[in-house]
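Student: I would like to go through this structure with the terms set against their cut-offs, so please take me through it step by step.

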Amino acid sequence: MPGVVIVGAQWGDEGKGKATDVLGSRVDYVVKFNGGNNAGHTVVIGDQKFALHLLPSGILSPGVTPVIGNGVVVDISVLFQELDAIQERGVETSKLLISNAAHVIAPYARTLDNVTERFLGSRKIGTTGRGIGPAYADKINRLGIRMGDLFDDQVLRDKVEGALEQKNHLLVKVYNRRAIEVDEVVEELMQYRERLAPMVTDTSLVLNAALDRGETVLFEGGQATMLDVDHGTYPFVTSSNATAGGACTGSGVGPTRIDSVIGIVKAYTTRVGEGPMPTELFDEDGIKLQTIGGEFGVTTGRTRRCGWYDAVIARYSARINGLTDFVLTKLDVLTGWETIPVCVAYEVDGVRYEDLPQDQAAFAAAKPIWEEFPGWTEDISACRTFDELPANAQNYVRALEAMSGCRISSIGVGPDREQTIEVNDLIHARGV
Ligand code: GDP
Ligand code: IMO
Ligand code: MG
C-alpha cells in the first residue's frame, strides 16, 4: 500500500518542502491536498533555491506527476506565475494535474480576506491575505466556484452572480468598499480556460488507478497540525484540514490506502501570525534562533516567532495524525547552545498537563515545564549518519523521540537535499 502522507507537526514551516523533495525522487505522484498559496516552501537543490507556494514540492523531481487535489483552493493567476517562473529555470511542469473539484480563489476572496482582518482589529488572525479563509467559507456555504465550472459559460456566470449578490452587500454596506462587477470576474476566469484545460481532470480516479498499479503516491500537506481548522489552536488557524485525515478528503483516496504518515517537526518551534505559543521566547535566544534558522516567512516575509521544542505539541501531533514517523528538521540550528531547554509538559493554574488542554483559555495560559539537555558545539551540517553526530546531539534526538510519541526516522542538518541523515530509510523501511 504505497500511500505516504506528509504533514507539518507544529505551526508550519517545519521543512515539509524539503522532506517532500527528498522523498520525491522515489515516488510516482505527489498530491497537495489542502491549503493554497498561503503555503511557502523553500527547496534547496545544490546551488539552486526554489520558493513554492501553490505547486506541490514534488514538482521539482523529474519523473513525478504533481497533482493539485480537490482539497486545495487555487488562485489561478498565482498558479500560472509560479509555473512560468519554474519553467524558466528548466523545471518540467507539463505533467501537472488539477482536480476538477478544487475550488477557485476568486478575486473577491482576496479583498474579503484583507478587509475582514482590518475589521477584526485586535482580534485579527494574522492571515497571509491570500483569500484562503473566504474561499473555503464559500466552499462550505455552497457558493464556491470549482475548477470544472470554468468550462461551462452558463454555470460559471450563475455561480459568480450567486456569490457576488451576497458579497457585494457585505463589501458595500459593511466594509464601505466598491461593488465587484459580475462581468469583470467572469471574463478574468474565462481567460484562464485554454491553458487550464489539459490539466483539469478527475484526479481521484488518476490517483486510485496509480495505487492499483502499485505506484507510490505522496500526499503533501500545507500548513500544519496546530493550524488545522478542527485540531489546531482555533480560532488562530487556517481554514482547511492540514492533518492526515485531510489527505483523504482532499484527494479522493480512502484511508485504507494510506501506509505511512510522516510528521515533519522542527528541533525547536516557530509560528507566524497571531495566537498562543507556549514556548515562545522574547529574549536573545529567540532572536538567535530566528537569525541562525533564517526564520523569515517565504510567503509574507514576516519574521517567525521562535521558541524551544514543545513535546506536548509533538505528542498531540503524533496522536491526531496517527504518525508512523517523525522527520526532525533543522537540528544544525541548535549547534552552539550550552544547554537546550525542552518543554516536557505544561502548568496551568498549578495543574500539570501532559496533554494539550482542550480549553482555549487554558492553552493560552499554559506555562512550559522545562527539562534541560546539554548542547554541542561541533558543526553537524556535514554529518550523514546518526553515529557521526556528537554524543549530546544524539542524546537530544533520542530524548525528543522518547517524549514525542513516535520514532524519528530522518534528521535534517541543513537546507540542501543532501543534508539529511536517514535513521531508517523511510520509504523502504515501510515495505513500500
Ligand atoms: P515548509 O513550509 O514546511 O516547507 O518550510 P519552509 O520552507 O517554509 O521553511 C523551512 C526552511 O528551513 C526553508 O528555508 C528550508 O530550506 C530550511 N530547512 C529545511 N530543513 C532544514 C534543515 O534541516 N536545516 C536547516 N538549516 N534548514 C532547513
Ligand atoms: P506552510 O505550508 C506558517 C498561518 C498564517 C495565519 C494563519 C491563517 O509554509 O507551512 P491563512 O492565510 O491561511 O488564512 O492564515 O495561518 N499560516 C501559516 N503559517 N506556514 C504556513 O504554511 C502557513 N499558512 C498559513 O500566518 O496565522
Ligand atoms: Mg513554509
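Tutor: Let us start with a definition: axes are lines fitted to C-alpha atoms, for helices over the stretch in contact, and angles run from 0 to 180 degrees between N-to-C directions. This is a predicted model, in which local features need pLDDT of at least 70 and side-chain atom pairs count only at pLDDT 80 or more, while totals for chains, interfaces and linings use all residues. Residues are numbered from 1 along each chain as its sequence is written, chains are lettered from A and ligands numbered from 1 in the order in which they are written, and side-chain values use heavy atoms, with hydrogens and water left out.

Student: How do you know at what angle the axes of helix 3 and helix 5 cross?

Tutor: The fitted axes of helix 3 (residues 107-120) and helix 5 (residues 153-174) come within 12 Å and cross at roughly 35°. Helices here are DSSP runs of H or I with at least four residues, strands are runs of E with at least two, and both are numbered from the N terminus. The crossing of helix 3 and helix 5 is left-handed, a word used if the near helix is turned anticlockwise from the far one by less than a right angle, with right-handed for clockwise.

Student: Which residues of helix 3 and helix 5 meet?

Tutor: Contact means heavy atoms within 4.5 Å, and by that rule Y108, T111, L112, V115 and F119 in helix 3 meet A163, L164, K167, L170, L171 and V174 in helix 5. By class, this contact has nine nonpolar, one polar and one charged residues, where Ala, Val, Leu, Ile, Met, Phe, Trp, Tyr, Cys and Pro count as nonpolar, Asp, Glu, Lys and Arg as charged, and the others, Gly among them, as polar.

Student: Why is K167 called buried?

Tutor: Buried means under 20% relative accessible area, exposed over 50%, and partly exposed in between (1.4 Å probe, protein chains only). K167 has a relative accessible area of 4%, and is therefore buried. This lysine of helix 5 touches Y108, L112, D138 and L143, not counting residues up to four places away in sequence.

Student: Are D13 and G40 buried or partly exposed?

Tutor: D13 has 21% relative accessibility, so it counts as partly exposed, whereas G40, at 13%, counts as buried.

Student: Why is C383 called buried?

Tutor: The relative accessibility of C383 is 8%, so C383 counts as buried. Leaving aside neighbours within four places in sequence, C383 is in contact with E388, L389, V413 and I421.

Student: How do you know what confidence the predictor gives the chain?

Tutor: pLDDT is the predictor's confidence in each residue, from 0 to 100. The mean pLDDT of the protein chain is 95, and 98% of its residues reach 70 or more, but pLDDT stays under 50 over residues 426-432. Where pLDDT is low, the predicted coordinates should not be read in detail.
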